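Hi,

Here is the structure I promised to send over. Have a look at it first, and then read on for what I found in it.

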Amino acid sequence: MANIDRTESKALLDASLTSTAYTEPSAWYVALIASSFTLTDTTPYGATANEVTAGSGRAAIAFPAATAGAPSTTTAPAVTFTTMPVATTGGIEIYTASTGTARRLWYGNLSANKTTASGDTLTVTVTATLS
Amino acid sequence: MANPIRNCMGCGTQDDHPRHVLGDGGGAGVDIFWHHDCHFRASGCEVCEAVSAEGLTGDELRAHIEDNDPGGAVAREINERQAPWTQNANLETQEA
């Protein structure tokens, strides 16, 4: 996952290069997105028909600090979704809320699409990289 | 639409029963499929323990999952256990 939402990118740029304060997120949730849509920095797909809705909902996630000397997270947290629908999941989006599209932080494609049948449990790992 | 036929890493059986799909197999680069009961026996997976607790298989298990989401609470608890910030969020919810 190496893509930052455009609004979030602006906030990070402003925080880094101006005196504008950055509002730190206080919660992080993983939303699954159907493979039939191309993720972009301007269009959040969460809370639309494009979000693959598991019975357990979006998954809370916590990332470790980035690797010293490298712009990536040190380990890949695993998140689990239960009671999956019949779906092909192609990507994920990170939101600050368990529902809705209020603030999308990051997004990215999975390394390969995940095809699930009804009733499956799905576990994926997530890494974040700046390049 | 027919449910897909997949193997099980635990017992080797190919059938259309629900699976725990481990995306990229924990870094192995390929998805790994387990029957829930096989995954619980092999690894102690708490989610699979909850899903398979009734001893159901096949279509009966799928119906049970679709009706009751038996692993949902456990999955949420595990995800939150690994995300310490949720503890603060829970406290705030309790105080509200």
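N3(A) counts as buried, because it has 20 C-beta neighbours inside 10 Å, and 20 is just what the cut-off for buried asks for. Keep in mind here and below that this is a predicted model. N3(A) sits in strand β1 of chain A, residues 3-4. Leaving out residues up to four places away in sequence, N3(A) touches L39(A), D41(A), W106(A), Y107(A) and G108(A). If you want a distance to check on your screen, take N3(A) and T125(A): they are 122 residues apart in sequence, and their C-alpha atoms are 16 Å apart in space.

T125(A) takes us to β8(A), which covers residues 121-125. Is that strand mostly covered or mostly open? Mostly covered: four of the five residues in β8(A) are buried. On one side, β8(A) is joined to β5 of chain A (residues 78-81) by four bridges, and these two strands run antiparallel. T80(A) has T123(A) as its bridge partner in that pairing.

The part I'd look at next is where β8(A) meets the other chain. Three bridges link β8(A) to β1(B), this time with the strands running parallel. Going along the pairing, you'll find T121(A) opposite H20(B), L122(A) opposite V21(B), and T123(A) bridged to L22(B). So T123(A) turns up in both pairings, since it is listed as the bridge partner of T80(A) and of L22(B), where a strand pairing needs at least two bridges.

Put together, this gives an open sheet of four strands that takes in both chains, in the order β5(A)-β8(A)-β1(B)-β2(B), with mixed pairing. Its edge strands are β5 of chain A and β2 (32-34) of chain B, each of which pairs on one side only. On average, neighbouring strands in the sheet are turned by 20° against each other, ignoring direction.

How many residues are in contact across the two chains? On the chain B side there are 32, and they meet 28 residues of chain A. Within chain B, the elements that each supply at least two residues to this side are β1 (20-22), α2 (46-51), α3 (58-68), α4 (72-81) and α5 (85-95). The largest share, six residues, comes from α4(B). By type, the chain B side splits into 15 nonpolar, nine polar and eight charged residues.

Now the core. The largest nonpolar core holds 43 residues, and Y29(A), V30(A) and I61(A) have the most contacts inside it. Strand β2 of chain A (residues 29-34) gives the most to this core, with five residues.

A few things on chain B itself. Chain B has five helices and two strands, and along the sequence they come in the pattern β-β-α-α-α-α-α. Buried residues account for 38% of its 96 residues. Of the contacts in chain B between residues at least 6 apart in sequence, 40% join residues at least 24 apart.

Which residues of α3(B) are buried? L61(B), R62(B) and I65(B) are. Seen down the axis of α3(B), the buried residues fall within an arc of 100°, so they line one face of the helix. Just after α3(B) comes D69(B), with a positive phi of about 40°.

Cheers

How values were computed: Residues numbered from 1 in each chain as written. Chains lettered and ligands numbered in written order. Predicted model: local features only at pLDDT ≥ 70, side-chain atom pairs only at ≥ 80, totals over all residues. Contact = placed C-beta atoms within 7 Å. Nonpolar A, V, L, I, M, F, W, Y, C, P; charged D, E, K, R; others polar. Core = buried A, V, L, I, M, F, W, Y, C linked by C-beta atoms within 7 Å. Buried ≥ 20, exposed ≤ 12 C-beta atoms within 10 Å, placed from the backbone. Axes fitted to C-alpha atoms, helices over the stretch in contact; angles between N-to-C directions. Arc of directions from axis to C-beta.
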